[in-house]
Amino acid sequence: MSSGMVFDIRKFSVHDGPGIRTALFLKGCPLSCPWCHNPEGRDGQAALLRRGDRCIGCLSCVKACSSLRGPAAVDPRREAGGPACLSCPDFGACGRACPAQAIQEVGRLMTVEEAMKAVLQDRVFYEESGGGVTFTGGEPLSQAAFLGDLLDACRAEGIHTAVETSGYARPEVLLDIGRRADLLFFDLKHAHVARGSELTGVDYSTCIGNLEAACEEAACAATEQGRPFADVIIRMPIVPGSNDGAAELEAAAELVVRLPSRGSGGAQAGKPAQGTRRGTEVHLLPYHDSARGKYRLWGLGYPLEGTVVPDEARMAAARDIFMARGISVRIGG
Amino acid sequence: MNERIMRLREESFSTRPSFSAERAVLTTEFYAQWLGRVSTPVLRAMNFRHLCENKAIWIGEGELIVGERGPRPRAVSSFPELTCHSEEDLRILDSRPMTSYAVSEREILDYREKVIPFWKGRSMRDRAFADIPGEWKALYEAGLFTEFMEQRAPGHTALDGKIYRKGMVDFRKDIALARSALDWAADPECLAKDEELKAMDIACEAAIAFAGRHARLAEEMAAALGEGEAQGRRASELRRIAEVCRRVPAEAPRDFHEALQMYWFVHLGTITELNGWDAMSPGHLDLHLGPFYERDLASGKLDRAAAKELLSCLWIKVNNTPAPPKVGVTAAESGTYNDFTNINLGGLDRAGNDASNEVSFLCLEVLDELQLLQPQANIQVSAKTPARLLEAAARVIRRGSGYPSLFNADEVVAAMAGMGKSLEDAREGGTSGCVETGAFGKEAYLLHGYLNLPKVLELALNDGIDPDSGKRIGVRTGGIDALCDFESLKAAFRSELEYVVGVKVRVSNRLDRLFARDAPAPFLSVLIDDCIGQGRDYYDGGARYNTDYIQCCGLGTVTDSLSAIRKHVYSSADCTLRELSLAMAEDWNGAEALRLRLANQTPRFGNDDDEADTMAQWVFSTLLEAIDGRPSPRGLPGKRSTWRIDLLSTTCHVYFGLRTGATPDGRRAHLPISDGTSPAQGADRNGPTAVAKSLAKVDISKTGGSLLNLRFLPSALQGEEGIKRLSAYVRGYFKLGGHHVQFNVVDTQTLRDAQRRPEDHRDLLVRVAGYSDYFVDLDRNHQEEILSRTAQEGF
């Protein structure tokens, strides 16, 4: 069984799919979207987060660490858990020793069994609520082998799975994951490849191509027995100044309309409910700045300083653009 | 809410509670004349009749359901035969900043001249305290436990459906039959039984007389009204009231209006006779009223709106009856106006079918619209409860007032069946008071006081010495030098617990006998099976089932404390017991690193962590060993009551916290200990599902109740999906065997704002313990305690 780098497990997760869910955050993401909520999830390696505000100066970290123990008069507020510590032979010992949780180890190598143990704890709540597990990140596809094993393990347990992805992966990887998951939340950052690439720092045509491929697979799976593929829901963050211009939203809506969907193949006997759906469902997620504090903690500059959170009217206007094309759309996840 | 209900609600909401000496004066006069001339049960019944015949009666403008305990709405009676307020108590009640009661100079004069001189040395409390062993006093004063019966009569009573099938006239026939069946040739208890039955008969008469006075007053008021449309309308309402009061409680009710008035007269009777804890509760009100509602609707006598109006009138009546104020040192502490009437909705009928009906929804609507302190309601959620009802309840919960609370009906029934109750009686039972399980109309399940578990651990760590006073109040268990391994600490905890419980139970049993002998409750006994058949009082084992409870507080704090010691002292050995002990004695001054290590690096209860949760299971089983099954003197030979545990704290975790030093879980001295069965404040860090999982590992069906408080941020429960999630959460928890859960849905900002500007948040209801209270009526300790509960966000 594989193992992977997990940087958070959140139970009673309510914004990441139907019902009561557990969200597993897989570390590592090749994109660098300026609105990213989990900047600590970009790097694929474990890291240490310093919370100087919590430090009580007890020097427990210093005592626990062979690198820090040497020099006299170490100031734990400044020196423990810093960038230099990433290569420390005692990596993480300082955080484990810290009573005040002023140094936190972010990212833990977990086996599938360990992760599944946490996932299974809330089984009764998934069953009562129609919930399950959501794999998010980071970009979960960047740990595709681990993710695939987790999806299989969940399926074996009868637990519903969702994967939140930017779609940035080799197409065969994405499609393989799509076959092993129940639901894909597929990010659409921008309809134009050039601007999308500019925003995300990767070749965005890969993402759009994968989106089309995933929707194609999902549409076929809906009509063909024995050809499983996850449902696809498109999630588009609405970020003022980045992708919320009327023309940009129109282009996004046009892209969605053109995607193959379960409805486009025509209603099939025995699958009327799915056959009547019009296009792929879209969730519009209003940008918000609640991650600002996190950037500060990590000593990172906040890339969207000054960006205003879109108000209800603005979100409704965005929604209307999609609605006008007959797309099933809602605000929020 | 129509105009009538709005006005009555506003009156009830805004009238300041007042203290009335009326009952005390009438009772004093009566006792002075009759004490010693008749048997005690008959004396009690005659006093009840004296009150029913002579107290001032009240029919307010626009009221449809009538009757007050005091001379006017929100006027609270006192019970000097149990506990007699001193003049100083009364002045404190009037002047204290929180939950005060207006006390006029006239009331004080009555007390000074009539009431106090007679009852000094005669009241139950004076006599009970005159003969209390020193070891009990030492433990009581140190804050190891409280004693319910030093303030009020034993209670927690709820009714079954019999008063909707039988009136007082029918009960009198049953009583006559029981008297005629007495075997004077062979039964040595015949005299006692006959006196008790005679007393019950007088009590029935009294209740009829009380209603008759209201009928006459209503007729007089109708006759006095002049011409005009509005006056005519009120006159016909008053004549209808008179008609209803002539029917009930003498005879069984025939329609919805009579059924409500029947309940209210019975409720008033029981809380006039004595001041049992938690007043009185109607049990499954929806189940009982359902048939009347359906019949009236079919016959056109009533429509949905009229039924709701009548229900609202009952609600307001209950709210008009604040809790009787306490006496002695506790008079200085603020408490609550809530007297804990708790209505059961949903659940099962006697045959085991879903008992919910349209009245369940009506009650929820009334609860939601009136936003009053009393009565509060709970939903008994069984696997058979329709999703529609649970979701309707979830919508009310989301509004943030903290009610209704939710109980697992299937677990409640199983718990009672496991205690030997018939399945039918168990199903007709449910929850009264805060979270207490009982067979309604058939059981005397008496709560005797709270037990401070963290303080027991404090004794175990200090060789039986209370670090606060330096006195040895527990047993010698050796202290830290003798606690060389975790097993020896467990043994010390067990020894201190056994000792404390032993002292507590001995005195409680004594008080139990004192109430049976000197304060029988013949009217209440009429209402509870099988008091009539056995010719025995409710307080003397007349009920079909009898149970005694100790409410154990601080499961979370004591579990985390033991877990911390096991890990840090005995397992990883990063501190010694001596270091820990010294740090706690200094309230962690200079030992912040140790305190944080204990708090943050210990497996703690509430995180679905087996290491901590097995510790909670050990605490729980140790409590069972120390308490469960201890004999109680109440009840017939062979059917004696036994002692059991209950796991609620009401607000006592704040008081116990004040009396307890720092604890090994990193808690600072004097802060509240954990409440009910909730995790220690802030210990739960894995969300609400993990809390539920941890708690479900404790076999609550062996107790009389548990209490889980959860605080949610409103954002976690938004939209229809939020309602579904809340319902699913509850179903999941109950599927695991959970017993009870209640929610505060309020953000921190709102609570802080209410602290700053109480006048703007006068009606902000929050869940305190097993009940909701107005946030601005809570003292600062309680407010902070609610704020310190982990806010579940939904991530």
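Which residues is Asp773(B) in contact with, leaving aside its neighbours within four places in sequence? Start in this predicted model with strand E14 of chain B, residues 772-774, where Asp773(B) is found. Its contacts are Gly335(B), Thr336(B), Leu373(B), Leu764(B), Leu765(B), Val766(B), Val768(B) and Leu778(B). One of these partners deserves a second look. The side chains of Asp773(B) and Thr336(B) are joined by a polar contact of 2.5 Å. Is Asp773(B) buried or exposed? Asp773(B) has a relative accessible area of 1%, so it is buried.

Glu443(B) lies in strand E8 of chain B, which covers residues 443-452. Glu443(B) counts as buried because its relative accessibility is 1%. Its side chain makes two contacts to find here. One is a polar contact of 2.8 Å with the side chain of Lys421(B). In the other, the side chain of Glu443(B) reaches the backbone nitrogen of Ala439(B), also at 2.8 Å. Residues up to four places away in sequence are not counted in the next list. Glu443(B) touches Met419(B), Lys421(B), Thr437(B), Gly438(B), Ile528(B), Tyr538(B), Ala543(B), Tyr545(B), Asn546(B) and Thr547(B).

Next come helix pairs in chain B. Take helix H9 (residues 190-224) and helix H10 (residues 229-247). Their axes come within 8 Å and cross at roughly 160°. H9(B) and H10(B) are therefore roughly antiparallel to each other, since angles over 145 degrees count that way. The crossing is left-handed. On the H9(B) side, the residues that meet H10(B) include Ala211(B), His214(B), Ala215(B) and Arg216(B). On the H10(B) side, Leu238(B), Ile241(B) and Cys245(B) are among them. The contact of H9(B) with H10(B) has 10 nonpolar, 2 polar and 4 charged residues.

Compare helix H19 (residues 486-518) and helix H25 (residues 610-627), also of chain B. They pack at an angle of about 35°, with their axes 10 Å apart. This crossing is right-handed.

Finally, move to chain A. Which residues of helix H8 (residues 171-180) are buried? They are Val173(A), Leu174(A), Leu175(A), Ile177(A) and Gly178(A). What do the buried residues of H8(A) pack against? Their partners in chain A are helix H7 (144-157), strand E7 (160-165), strand E8 (183-187) and helix H10 (204-223).

Notes
Residues numbered from 1 in each chain as written. Chains lettered and ligands numbered in written order. Predicted model: local features only at pLDDT ≥ 70, side-chain atom pairs only at ≥ 80, totals over all residues. Heavy atoms only, no water. Helix = DSSP H or I, 4+ residues; strand = E, 2+ residues; numbered from the N terminus. Buried < 20%, exposed > 50% of the residue type's maximum accessible area, 1.4 Å probe, protein only. Polar contact = N/O pair within 3.5 Å; in protein donor to acceptor, adjacent residues only side chain to side chain. Contact = heavy atoms within 4.5 Å. Axes fitted to C-alpha atoms, helices over the stretch in contact; angles between N-to-C directions. Parallel < 35°, antiparallel > 145°, perpendicular 65-115°, else oblique. Left-handed = near helix turned anticlockwise from the far one by under 90°. Nonpolar A, V, L, I, M, F, W, Y, C, P; charged D, E, K, R; others polar.
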